[in-house]
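Hi there,

Here is the structure I promised to pass on to you. Have a look at it first, and then read my notes below.

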Amino acid sequence: MRLRFRVRGIVQGVGFRPAVYGLATEARLGGFVLNDADGVLIEVEGPPERVAGFAAALEAGPPPLAVVESIETVEVPSEGATTFEIRKSKGGATLRSPISPDVATCDACLAELSDPSDRRFGYAFTNCTNCGPRFTITSGIPYDRPNTTMAGFAMCLRCRGEYEDPADRRFHAQPIACPECGPALRLVGRDGAELEGDPLTAAAALISAGRIVAVKGLGGYHLACDASSEAAVAELRRRKGREEKPLAVMVEDVDRAQEVVVVDADSLEVLASRRRPIVLLPRRSGARIAPSVAPGNRFLGTMLPYTPLHHLLLRAVGRPVVLTSGNLSDEPIAYRDADALASLGGIADAFLIHDRPIHARCDDSVVRVVDGREYPIRRSRGYAPEPLLIEPALPRPIVAAGAELKNTFCVAKGNRAFVSHHIGDLETWESMTAFLDGIEHFKKIFDVAPALVAHDLHPEYLSTKWAVALDGVEKIGVQHHHAHIASCLADNGRTERVIGLALDGTGFGDDGSLWGCEVLACDARSYTRHLHLQPVPLPGGAAAVREPWRMAAVYLDAAFGAAGIPDLDVVRDAGDAWEAVLQMARRGLNAPLSSGAGRLFDAAAAVCGLRFRVSYEGQAAAEFEQHADPRADLVYPCPIEGDEIVGSALIGAVADDVARGRSLPEVAAGFHNGLAAALVVACEEVREREGLKTVALSGGTWQNLLLMERVRAGLGARGFEVLVHHRVPANDGGISLGQVMVAGARSKN
Ligand code: ZN
Ligand code: ZN
Ligand code: FE
C-alpha cells in the first residue's frame with residue numbers, strides 16, 4: 001500500500017522532514033519526503049498496518065515548532081519502494097509555505113554551548129532544527145540554505161555529516177554552523193579597526209567597565225551597557241538622544257530575573273518561551289537597576305537571552321545589561337553592518353559584530369501578561385511572520401498598509417493573515433524603505449498577489465499615500481477605529497456585531513475630524529458611531545501632543561470658563577502662553593477638533609502637575625496610570641449628554657481636588673474610575689439601542705491596564721462579555737489586521 005500525504009502549515013525549517021524520516025524508517029517503510037511550494041509532500045509504502053501506523057503517528061506527533069494546518073491523504077499506486085529517502089526541495093512558481101519566526105536557543109544547544117568537550121563549546125552561532133534564526137535570515141523560499149544568509153558559508157565535513165544524518169538533531173538544519181565553517185565574531189572600534197583579544201570577552205569587559213557596546217543580534221543591532229551603572233545608562237541616553245522612554249534589560253536567566261522583577265508563573269512561561277519577548281514586569285524595590293533605565297516607571301521591560309551570543313555575553317558580564325534598539329531616537333533599528341557603523345558611531349564605543357548578514361530587520365517583541373495570557377504591545381521577533389488564522393476566508397488576496405505610527409502591514413489570502421514585523425513610525429526614509437521592501441518580501445515569500453489594498457482614511461499617512469497611488473488594484477479606505485475593533489474581533493476569532501470601545505490618541509474620523517474615544521457598534525463590514533468623547537480643540541495640532549499643558553488649558557476652559565479656573569501649578573507654569581493658547585483654541589486657529597482619549601489623559605496628568613511636556617507620545621498617560629492607587633474607590637463624575645461623554649466634567653473634578661490638596665494617587669484613581677464608569681454606561685446605552693452584549697476593547701489607550709481592569713470589571717458585573725487582544729497589539733500595530741478584515745468583508749467578489 002502506498003499513501004501520499006500533503007502537509008500544510010508551518011512545516012518547513014522546523015525539522016519536519018527528519019521527523020518524518022525517523023517515523024518511516026522506524027516502521028521500515030519505503031518512499032520519500034520533500035519540501036515544496038505547498039509545504040511537505042510525503043509518500044510511504046509498505047504493509048497496510050504499518051502504513052496506517054505511520055499515518056497515525058504523523059497526526060499525533062509533529063515536531064515541536066511545526067504548526068500543521070492540514071494533512072490530506074490519498075492512496076497512490078505502489079512503486080515497490082523499500083527504502084525511504086529525503087528528496088531535494090523543489091523550487092517552483094507557486095510558493096506558499098510560511099516561514100517560521102526566529103526561535104530562541106534550545107536546551108540541547110545550550111548544553112553544548114556550556115560543555116568544554118563539545119566542538120561547539122562557547123560558539124555564538126550554535127543552532128539546530130529546533131532553534132535558531134529563521135525569518136531574519138530568509139531571503140526566499142523554499143526554506144533551504146541557498147535562500148538564507150548562510151548561503152555564503154560552505155559546510156565543513158563534520159557539519160555536512162550532521163546535516164545529512166537523519167538521526168542527527170541537525171539533520172537539514174539550514175543555519176547549521178560550527179567554529180570551523182560558520183560565522184565568526186569580531187570586536188571593532190568606532191573606526192572599524194579590530195580590537196585585541198577574544199571579541200566576546202573583550203566586549204563583556206568594556207560593558208563591565210561602563211562603556212557602550214553595539215551588539216549585532218538576530219534582527220538588528222542593539223546598544224548594550226551595564227544596567228546597574230547609572231553613569232553608563234545616563235551616558236547611553238545622552239548619546240542616543242532618547243530622553244525618557246523606558247529601556248529594556250536582558251538578564252542571564254530566570255533566577256537573575258527574579259532578583260530584579262516579580263515573575264509569577266504565567267509571566268515566567270512567556271518570559272522563557274521560545275519566542276523570548278520583552279515582558280513588562282513589576283520592578284522589585286531595591287533591585288540593582290540604575291534609575292535612568294525606566295524613570296517614573298514601576299515596570300521593567302525584561303528579557304532572557306535568545307541566541308547563543310546573548311547567553312555568552314550575559315554570562316561574561318555577570319550583571320543585567322541594558323539592551324536597546326541600535327538607532328538614534330525615532331529611527332528604525334540598524335541591521336546592516338555599514339549602516340550600523342555609520343549611524344551608531346557616535347553612540348557606541350565598540351561594535352561586537354559578525355559575518356552572518358541579517359536579511360530582515362526585526363525588533364524585539366514586547367508583551368504584558370494579563371490574566372495569564374499574552375497581551376502584545378509590539379509583535380515582532382519570535383512572532384512575525386507566523387500567520388494568524390482568520391475567519392471567514394478572504395474572497396481575494398489583500399494587502400493592508402496599516403497606520404502611520406507603530407506601523408505594521410499585512411498581506412493575507414484565504415484563511416491566513418501575515419501581519420508584518422514592527423516597521424515603526426513611517427516618518428524616516430529608513431522606515432519607509434523597510435515598509436516598501438517588507439511588502440515586496442512578504443508578497444514573494446507567501447506568494448500573495450493582492451487584488452485589493454486596504455488603507456487608513458487619514459490622507460496624510462504615508463501608508464495611505466502609498467496605497468492610493470497603486471495602480472491596478474481595488475482600494476478600500478477603512479476608518480481607523482473601525483479597523484481597531486475589527487482587529488480585536490479577528491484576534492479573538494469572532495465575526496458577529498459587537499460594541500466596540502476604540503480608545504487611542506487620534507484617528508481620522510469619517511467626518512474629517514480627529515476621533516479617539518469611540519463607542520461603536522460594528523462587525524467587520526460596517527459600523528455605527530453611537531457615542532464618543534465630547535470633542536475639544538487641539539491648540540497647535542501636534543504641539544498639543546508634545547505639550548499636555550495645552551490640553552489642560554482647553555479642558556479647564558470647557559469646565560470652568562475663563563474666570564473660574566482653580567489655582568493650579570500648571571496655569572502658573574504656562575504664564576502668558578496660557579492665554580495665547582486659549583485664544584487659539586477659541587478662535588479655532590490651528591486647533592482641529594479631537595475626541596481622543598489620549599489627550600484627555602494628557603490634560604488630567606498636566607492638571608495634576610505631573611507632566612507639563614512629554615518626550616514621547618503617551619508618556620503622560622503612562623505615568624499617570626502608574627501613580628494611581630488601585631485600591632482607592634473614589635469615582636469622579638463623568639456625565640453623558642446626548643451622544644457625548646463629557647470629559648471636561650472629569651477634568652473639572654480633578655482640578656478641584658488637586659486645588660484642595662488631595663493626593664495624586666487618589667486623584668489619578670478617581671479619574672480612571674470615573675472614565676471607566678462612563679464607558680460602562682455608554683455600553684449599556686448601546687446595548688439598549690442595538691441589543692448587543694459583547695464589548696471589544698481596542699486602541700492604544702488599552703495599554704492602560706488599570707483602565708482596562710476597571711472597565712472589564714464594570715462590564716462583567718453588568719452581564720457583558722468582554723474581548724481583549726491576545727495575538728496582535730491593541731495599539732496601531734494591530735491596525736493592518738483590522739484593515740484586512742474590513743476590506744475582506746466589503747470586497748464584492
Ligand atoms: Zn537547538
Ligand atoms: Zn562546521
Ligand atoms: Fe489608533
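Let me start with the iron ion (ligand 3), which is coordinated by H480 (NE2), H484 (NE2), D504 (OD) and D732 (OD), at 2.1 to 2.2 Å. Please keep in mind throughout that this is a predicted model. The angles among the four donor atoms of the iron ion (ligand 3) run from 87 to 172 degrees, and the site is classed as irregular. Since four donors count as tetrahedral only if all angles lie between 85 and 135 degrees, the value of 172 degrees is the one to look at here. Along the chain, the spacing of the iron donors is H-x3-H-x19-D-x227-D. The two histidines, H480 and H484, both sit in helix α13 (residues 480-491), where four residues, about one turn of the helix, lie between one and the next.

Next come the zinc sites. The zinc ion (ligand 1) has C106 (SG), C109 (SG), C128 (SG) and C131 (SG) as its donors, at 2.3 to 2.4 Å. Its four donor atoms make angles of 102 to 121 degrees, and the site is tetrahedral. The sequence spacing of the donor residues for ligand 1 reads C-x2-C-x18-C-x2-C. One pair among them links distant parts of the chain: C109 belongs to helix α3 (residues 107-113), while C128 is in the loop between α3 and α4 (157-164), 19 residues apart.

The zinc ion (ligand 2) is held by C156 (SG), C159 (SG), C178 (SG) and C181 (SG), at 2.2 to 2.3 Å. Here the donor atoms subtend angles of 104 to 116 degrees, so the arrangement is tetrahedral.

Now for the helix packing. Two packed helices are described by the angle between their axes and the distance between the axes.

Helix α1 (residues 16-26) packs with helix α2 (residues 48-60) at an angle of about 145 degrees, and their axes are 10 Å apart. On the α1 side the contact is made by F16, V20, L23 and A24, and on the α2 side by F54, A57 and L58. Sorted by class, this contact of α1 with α2 has seven nonpolar residues, no polar and no charged ones. The crossing of α1 past α2 is right-handed.

Helix α18 (residues 597-607) takes part in a contact with helix α15 (residues 548-560), at an angle of about 95 degrees and with the axes 7 Å apart. That angle is why α15 counts as roughly perpendicular to α18. From α15 the contact residues are P548, W549, M551, A552, Y555 and L556, and from α18 they are R599, L600, D602, A603, A606 and V607. By class, the contact of α15 with α18 has ten nonpolar, no polar and two charged residues.

α18 also packs with helix α20 (residues 647-659), this time at an angle of about 15 degrees, with axes 9 Å apart. That makes α18 roughly parallel to α20. Their crossing is right-handed. In this contact L600, A603, A604 and V607 of α18 meet G647, L650, I651, V654, A655 and V658 of α20. The class count for α18 with α20 is nine nonpolar, one polar and no charged residues.

Finally, a few backbone details to look up in the viewer. The peptide bond from A384 to P385 is cis, with omega near 5 degrees, and P385 lies in the loop between β15 (373-378) and β16 (388-389). A cis peptide bond also runs from E391 to P392, with omega near -10 degrees; P392 is placed in the loop between β16 and β17 (398-400). Lastly, K406 is a residue other than glycine with a positive phi, near 50 degrees, and K406 is found in the loop between β17 and β18 (410-413).

Terms used. Residues numbered from 1 in each chain as written. Chains lettered and ligands numbered in written order. Predicted model: local features only at pLDDT ≥ 70, side-chain atom pairs only at ≥ 80, totals over all residues. Heavy atoms only, no water. Axes fitted to C-alpha atoms, helices over the stretch in contact; angles between N-to-C directions. Left-handed = near helix turned anticlockwise from the far one by under 90°. Contact = heavy atoms within 4.5 Å. Nonpolar A, V, L, I, M, F, W, Y, C, P; charged D, E, K, R; others polar. Parallel < 35°, antiparallel > 145°, perpendicular 65-115°, else oblique. Donors = N, O, S within 2.8 Å, 3.2 Å for Na, K, Ca; no water. Tetrahedral: all angles 85-135°; square planar, octahedral: opposite > 155°, others 65-115°.
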